[in-house]
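Reader: I have a structure to look at and some questions. Can we go through it step by step?

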Protein chains: 2
Amino acid sequence: MYDIAVIGSGPAGVSAVLTLKALDKNFIWFSSGSVSKKVEQAHLIKNYPGLPDITGSQLALTFQNHYEGMNIKLMQEVVSGVYVTDGYFTLLAGDKQYEAKCVILCIGVENVKPIEGEEQFVGRGVSYCATCDGFLYKGKTIGVLCTDKKYEHEIEFLADIAKKAYVFPLYSGYEIKSKNAEIVLKAPLKLTGSNRLERVEYKGGGLDIDGMFILKGAVSPATLVHGLAVEGGHIMVKRDLSTNIAGIFAAGDCTGRPYQYVKSAGEGNVAAHSAVEYLAQLKK
Amino acid sequence: MYDIAVIGSGPAGVSAVLTLKALDKNFIWFSSGSVSKKVEQAHLIKNYPGLPDITGSQLALTFQNHYEGMNIKLMQEVVSGVYVTDGYFTLLAGDKQYEAKCVILCIGVENVKPIEGEEQFVGRGVSYCATCDGFLYKGKTIGVLCTDKKYEHEIEFLADIAKKAYVFPLYSGYEIKSKNAEIVLKAPLKLTGSNRLERVEYKGGGLDIDGMFILKGAVSPATLVHGLAVEGGHIMVKRDLSTNIAGIFAAGDCTGRPYQYVKSAGEGNVAAHSAVEYLAQLKK
C-alpha cells in the first residue's frame, strides 16, 4: 500500500512528485511515457519563470533531469482504472494492481473524445488494456482503436489472440503485422449493444464485434474514476485541488484553463501538499 | 491609464508580468525592491520544476534575468493604496498616482502584523508614505515604525520636518542621523485616540503623538484595498484568482498556503490570464 499515487508526467505530475520526494513521502508514479507528449511538442515557451525562451523538448528534458537527479522512478504504464475501495484506492495499470491511500490525477486533457457509448460498455465489451483483457477474446471478433504508433505491439498481441481484429488507426504511418488484423480507415462514431457491446458504427457502415479495445495515452476522467465530478471535460476541483471524492486530487490541464506549463506545475505542488494534509488527517 | 497594474515582485508577480508581456499587454509593475526579499533569503529549493537545487538568491537572479531579457521594467515604489474609482482603479505609489483598469495583487504575506488600531486611524494619523504625508506634520510630534534599514532616509526626512520623531526600529544596525529623532527600543502595541490618532502604546508605557508613519515593504491587503475580502490574513480568491472586487485579482502567498515558489508562479500566470479575460469582457 502506497500513501500516494500520482498519475501523469506533464508539468503537474512532475511538480507533484518533486514535492512529495522533497517531503520524503511514500508514493508511486505512473505515466504512459517519460514526459508528457504535449510538453515535448511545444515550440518556444516564453513565460515559464526562470527558464526563458525554452522549447518544449528542452523543458521536457530539464524536467526529466530534475526528477532523475532526485532518484524518482517513473512507472511507464497506463493506468486504466481507479477504483474506490474501503478507505483506499485500487489502481489498474497494465495487468497489475496497486493500492494507494490517495491519488493525484495529472492526466491532462483528452485529445481524443470518447466515442458515443464508450463509457456505457466499459467492462462489458470496452477495454483499455490489451494485456489485461486480451485473453477474454480468444477466437472472437474485436475492434481496436489506436491513437499512437507506440501501441502497435498491443494491437498485434490482440489480433494474434482474436479470430479477427478490425483495427482503426487514428495516426499515420501504421504497420500492423498480424494476419488476423484488418485495417478500417474510418473513425468509430458509436458503440451499440443491449447488455454487452455488439457493434461499432462509423460513417457509412458498421461492424459486429464482441469487444472493443481503445488504446490511447489518456482515459477520460469520468471513465478512469467512476463518480468523479467533471464539467465541460474538466475535473471539478476546489482551491486546494481536492475533487468531489475524498482522497482524490487533480492538477494541471485536467482541472481547466489556462493550459499553461507553470499553472500546471503550481497546481501539482498544491495537490501534493493537500494530499499530505489529507494523509495526516487520516491518521488522527 | 494602464490596462493592468501588477503589485509585487515575488514569483507570482514575476510570472504575471512574463505572461502579460508574452501576450503584449499594456501593464505597469510595482515593487518595493528588485525581487522579493523572501525569495532572496531562501536556502536550497528542491521542488521548483526545471531548476533543481537552486538557492533563493540564484532563483531571484534567474527571475530578474528573465524579465529584464524581455525588457520588462519594474517601478521600485511601494504602493500604499488602491482606490476603487468609477470603473477603474487609482494607485498611490510614493507621491504619484497611477490609473489602471484592473489590478493583480502579488503582495505576499506580512511578516509584521498590523498594530491594534492601525487600520482604524489610516488617513487620520496613520500614514504609510513619508513623501506624501510628511509635510502635514511640520513642527509636530510623530512616531515612525520602520521594518527595514532601507527606509532610513525616509525616517530622516520625516524627523527633519517634525519637531520630534519617536523612531521604533524593528531591525538591527540602525543609524538615524537627525537631531529630532529619538530611538525607542519598544514594539508599538496599540494606537489610540478619539477621532484622530493621539497616542502610541507599548509594553510599560506610551507616547503622545500627532501622527504615526509605518514604513514597511508590504501593507496588509485590507489596508491596501478598502473592502477587499480577507480571511485569516489571506485574500479570498476563487479558482480564477478573482477577488470579491471586480477587476482585482490576487496571486501568490497572499492568497494562502502552501507558501511555495511554484504555487505562486502558477497563480501569477492564472491571474494574468483572468485579468486579460476581464478586460476583454469590459470592452464588450
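Reader: In what order do the five strands of the open sheet in chain B lie?
Author: This is a predicted model. The sheet is open, and its strands pair in the parallel sense. β9 and β12 (181-183) of chain B are the edge strands, as each pairs on one side only. The order in chain B is β9-β16-β10-β11-β12.

Reader: How many bridges join β10 to β16 in chain B?
Author: Take the neighbours of β16(B) in turn. Strand β9 (residues 126-127) of chain B is joined to β16(B) by two bridges. Strand β10 (residues 141-146) of chain B also runs parallel to β16(B), and the number of bridges there is five.

Reader: Which residue of β16(B) is the bridge partner of B:V126?
Author: β9(B) and β16(B) run parallel. B:G143 stands opposite a residue of β16(B), namely B:M212. For B:V126, the bridge partner in β16(B) is B:M212.

Reader: Which residue stands opposite B:G143 in β11(B)?
Author: β10(B) pairs with strand β11 (residues 164-169) of chain B over six bridges, in the parallel sense. In β11(B), the residue opposite B:G143 is B:Y166.

Reader: What angle does helix α5 of chain B make with β10(B)?
Author: Helix α5 (residues 152-161) packs on the sheet. Its contacts include β10, β11, β12 and β16 of chain B. Its direction and that of β10(B) make an angle of about 175 degrees.

Reader: Are the two faces of β16(B) covered or open?
Author: In a regular strand, side chains alternate between the two faces of the sheet. On one side of β16(B), B:G211, B:F213 and B:L215 are buried. On the other, B:M212 and B:I214 are buried. Five of the five residues of this strand (211-215) are buried, and both faces are covered.

Reader: Is B:N26 buried, partly exposed or exposed?
Author: B:N26 sits in the loop between α1 (11-22) and β2 (27-31) of chain B. Leaving out residues up to four places away in sequence, B:N26 touches B:M1, B:Y2, B:D3 and B:I4. Buried means under 20% and exposed over 50%. The relative accessibility of B:N26 is 34%, so B:N26 counts as partly exposed.

Reader: What kind of axis relates chains A and B?
Author: Chain B can be laid on chain A with an RMSD of 0.1 Å. That takes a turn of 179 degrees and a shift of 0.1 Å along the axis. Such a relation is that of a two-fold axis.

Reader: Which residue of chain B has its C-alpha nearest that axis?
Author: The copies meet through the same surface, because 100% of the interface residues of chain B are also interface residues in chain A. In chain B, the C-alpha nearest the axis lies 2.2 Å from it and belongs to B:G266.

Reader: How many aromatic pairs does the structure hold over all chains?
Author: A pair of aromatic rings is described by the distance of the centres and the angle of the planes. Over all chains, the number of aromatic pairs is 15.

Reader: How many residues apart in sequence are the parts tied together by A:Y48 and A:F63?
Author: This pair is edge-to-face, with 6.0 Å between centres and 65 degrees between planes. A:Y48 lies in the loop between β3 (44-45) and β4 (54-55) of chain A, and A:F63 in helix α3 (residues 56-69), so the parts tied together are apart in sequence by 15 residues.

Notes
Residues numbered from 1 in each chain as written. Chains lettered and ligands numbered in written order. Predicted model: local features only at pLDDT ≥ 70, side-chain atom pairs only at ≥ 80, totals over all residues. Heavy atoms only, no water. Buried < 20%, exposed > 50% of the residue type's maximum accessible area, 1.4 Å probe, protein only. Helix = DSSP H or I, 4+ residues; strand = E, 2+ residues; numbered from the N terminus. Pairing = 2+ DSSP bridges. Contact = heavy atoms within 4.5 Å. Least-squares fit on C-alpha atoms with pLDDT ≥ 70 in both. Phe/Tyr/Trp six-rings, centres within 6.5 Å; stacked < 30°, edge-to-face > 60°. Axes fitted to C-alpha atoms, helices over the stretch in contact; angles between N-to-C directions.
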